[in-house]
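Visitor: I would like to learn how to read a model like this one. Could you take me through its features, one at a time?

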Amino acid sequence: MLTLQTLRNDREGLISAYKARNLDVTEVVDRILELDSERRQTQKQLDDLKHEQNQASREIGELFKSGEREAAEQKKTAMGDIKERIQGLDAVLRTLEGQQVDRLLELPNRPHASVPVGVCDEDNVVLSEEGSRPELGEDALPHWELCEKYGLVDFELGTKITGAGFPVYRGKGARLQRALIAFFLDRATDAGYEEFIPPLLVNADSARGTGQLPDKEGQMYHCAEDDLYLIPTAEVPLTNIHRDVVHKAEDLPIKLCGYTPCFRREAGSYGKEVRGLNRLHQFDKVEIVQIQHPDKSYETLDVMVEHVRDLLRALELPFRTLRLCGGDLSFASCLTFDLEVWSAGQERWLEVSSISNFESFQANRLSCRYREGGKNQLVHTLNGSALALPRIVAALLENNQGPDGINIPEALRPYTGFDRIT
RNA sequence: GGAGAGGUGGCUGAGUGGCUUAAAGCGCACGCUUGGAAAGCGUGUUUACUUGAAAGGGUAACCCGGGUUCGAAUCCCGGUCUCUCCGCCA
C-alpha cells in the first residue's frame, strides 16, 4: 500500500510512473486525494466537538461536587445535541477512512524508473545469458519421462492421493529434493541469512501484510473453519515476522531465509505449461528476505540477484536474467528480476526465481519501521526465491541426461550422496 | 473440548464512574555534582491523526469490537489471546 504522503507530495510523478504498468491512475489518485481532504476536514470538526464535550463533562463533575445540582442537570441536557453530532461525524469519518483505504489497497505499487513499459512477459527485457546449452540430440527426453524412467517422481500416485499438481517424490528423486533444500539453505546461511522454519498456515492479517489479500485471494488455499490460509510462499510468514515492529536503524539490514512447501491453487492454468514439474499446487522453495534501509535497498537487490545467480552457476545450469516489464510486474513490486533456466528436454526457458524490491509497499501494510533521528520511518522489504525446486529439478534432469543415466553436478554430490542416477 | 483466573506505558505494578492530562518503582536519555566514576539531585522519557511558518494546541489509544453515561482503564455484551487445572493426543 502506498502512503498517503506519496500521493499528496508527488501526484504528477506518480501518475506518469504507472504508465510503465499500462495503467492510468489519475482518477483513482484524485479520488483518494479528494477523500483525504474531506477526511481531514471531518477529523478537525470532530476533534473540536470532542474538545467541547470533554470540557463540559469536567465542568459537570465540578458542579456536582460543589453541590450545584441544578446547574449540572441543565448542562447535562445541553450535551445531548453535541453527543448526537459527534456520533454522526464519527460515522462519516469511518466511512471516509474506509473508502480511502479500500482504494489505496487496490492500487498496485509504483514501478521503479528503470521498469520497461510493457504489457506481458514478451515485453520483459533479457539482460544477460550465461552458461552453454547442452547438445542432446534427438533422443533427449522431457523430465516427466525421465522421472518415470528412473522412478524419481510419481505423478499418477499424487493424483490418486490428492489430485493433479501434487507429485510424489521417491527414492533418489526424494533425496534430490532434500539435497537441493540443504544446499540452498547452506548457501543462504553462508551469506548471512538467519534460517527460520515458519508456520505453513497464516492468518488473514499476515496475508494482507505481504499483499496476498485482497489481491490474490483466489490463488491461496483457505481453511474456512479456522480462517487460515496455506502459504503460497515463505515470503508471507517470513516477512510477517516483522509486522508491527520498530527496528533500530543500526540493526538493518535484517536477513532471513527459510525452506517451506508452497501451496498455490493456480486457478486457470492448463496445457503443456503445467506438464510434469512445470507448475504445481504444492512445491518446495527456499526463500530469502531482507528488511533494509530505504537508502540501500536497490544496492541490496543487486546483491540478492547475484546470490541466486551464484546458485545457478554452482549447479552448472544455463540461465538468463530478465528485467520484468510493467505489465508483468507483480502487484506489490517496484522492480523485479527473473531468472530462467534452460530446459533442454523441452527446449524452453523456465522461471526459477523472482527477486523483487517492494520498497515501503509491504512495510506500510505491515507497519514495519525503523527509528532514526527520533523518528519512525517505513523500512524497505525485498525477497527472492533461492530457489524454487521443481523447475530446477526439471532442468537438472533434462540437461544432464545421457543414454544410460543422469549426472549430478559436483556441488550437489555431498548432499545427494550419489553422483549419478541410473 | 470442559472449568477457572487474567490482559494497564520499554519493564514491574497501583487504580471499581469525575481530584488519573494513568500513582509508584525500575530502566533509559540529558543536565548538575566530581580529578574521574558511583551514589545523590534535577529534567525528560509512547504512538497515530489533526492544526500551526514555528513555538505550541486539539483528538484518540489501558487486548480488540460494540453498548450504558454529561463523563469509562473502571459498569454491561461479544470476541481474542495468555496462564492454571481436567480431558484428549504425535
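Guide: Gladly. Keep in mind that this is a predicted model. Let us begin with a sheet. Three strands form an open sheet, ordered S5-S7-S6, with antiparallel pairing.

Visitor: Which strands are the edge strands of that sheet?

Guide: An edge strand pairs on one side only, and here that applies to S5 (201–202) and S6 (222–223). S6 pairs with S7 (residues 228–230) through two bridges, in the antiparallel sense. For a residue-level view, take His-222: its bridge partner in S7 is Tyr-229.

Visitor: Let me step back. How many helices and strands does chain A have?

Guide: Chain A has 13 helices and 19 strands. Its C-alpha atoms fill a box of roughly 100 × 45 × 45 Å along the principal axes. Of its 422 residues, 48% count as buried.

Visitor: How do I read burial for a single residue? Is Asp-36 buried or exposed?

Guide: Compare the relative accessible area with the cut-off: under 20% is buried. Asp-36 has 1%, so this residue is buried. Asp-36 lies in helix H3 (residues 26–65). For a sense of distance, take Pro-199, which is 163 residues from Asp-36 along the chain. The C-alpha atoms of Asp-36 and Pro-199 are separated by 38 Å.

Visitor: And burial for a whole strand? How many residues of S9 are buried?

Guide: Strand S9 (residues 254–263) is mostly covered, with eight of its 10 residues buried.

Visitor: In which sense does S9 pair with S4, and in which with S10?

Guide: Take the partners in turn. With S4 (residues 194–196), S9 pairs in the parallel sense over three bridges. With S10 (residues 282–292), S9 pairs in the antiparallel sense over 10 bridges. Cys-257 ties the picture together. Glu-195 has Cys-257 as its bridge partner in S9. Cys-257 in turn has Ile-288 as its bridge partner in S10.

Visitor: What is the general idea about side chains in a strand?

Guide: In a regular strand, side chains alternate between the two faces of the sheet. Now look at another strand. S13 is mostly covered: eight of its 10 residues are buried.

Visitor: What does S13 pair with?

Guide: One partner is strand S12 (residues 335–343), antiparallel over nine bridges. There, Asp-338 stands opposite Ser-354 of S13. Another partner is S16, which runs antiparallel to S13 and is joined to it by three bridges. On that side, Ile-355 stands opposite Gly-384 of S16.

Visitor: How many residues lie between S12 and S13 in their hairpin?

Guide: Four residues lie between these strands. In the turn, Glu-347 has a positive phi of about 50 degrees.

Visitor: What should I expect of backbone angles in general?

Guide: Most residues other than glycine have a negative phi, and most peptide bonds are trans. So look for the exceptions. Asn-22 has a phi near 65 degrees, a positive value in a residue other than glycine. Asn-22 sits in the loop between helix H2 (11–17) and H3. Its relative accessible area is 47%, so Asn-22 is partly exposed.

Visitor: Where is Glu-359, and what is its phi?

Guide: Glu-359 is in the loop between strand S13 (348–357) and helix H11 (361–366). Its phi is near 50 degrees, again positive in a residue other than glycine. Glu-359 counts as partly exposed, at 23% relative accessibility.

Visitor: Which peptide bonds are cis?

Guide: Two to inspect. The bond from Leu-252 to Pro-253 is cis, with omega near 0 degrees. Pro-253 lies in the loop between strand S8 (245–248) and S9. The bond from Ala-386 to Leu-387 is also cis, with omega near 5 degrees. Leu-387 is found in strand S16 (residues 380–388).

Visitor: Last topic: the surface. Which residues form the negative patch?

Guide: Asp-121, Glu-122, Asp-328 and Glu-351 form a negative surface patch. Take Glu-122 as the example. Glu-122 is placed in the loop between helix H4 (69–106) and strand S1 (125–130).

Visitor: Why does Glu-122 count as exposed?

Guide: The cut-off for exposed is over 50%. Glu-122 has 71% relative accessibility, so it counts as exposed.

Methods. Residues are numbered from 1 along each chain as its sequence is written. Chains are lettered from A and ligands numbered from 1 in the order in which they are written. This is a predicted model: local features need pLDDT of at least 70, side-chain atom pairs count only at pLDDT 80 or more; totals for chains, interfaces and linings use all residues. Side-chain values use heavy atoms; hydrogens and water are left out. Patches are made of residues with over 30% relative accessible area and no salt bridge: like charges are joined within 9 Å, nonpolar side chains (Val, Leu, Ile, Met, Phe, Trp, Tyr) within 5 Å. Accessible areas come from the Shrake-Rupley method with a 1.4 Å probe; for residues, only the protein chains shown count as cover. A salt bridge is a side-chain nitrogen of Lys or Arg within 4 Å of a carboxyl oxygen of Asp or Glu. Lys and Arg count as positive and Asp and Glu as negative; His and the chain ends are not counted. The place of a charge is taken as NZ of Lys, CZ of Arg, CG of Asp or CD of Glu. Buried means under 20% relative accessible area, exposed over 50%, partly exposed in between (1.4 Å probe, protein chains only). Two strands pair if DSSP finds at least two bridges between them.
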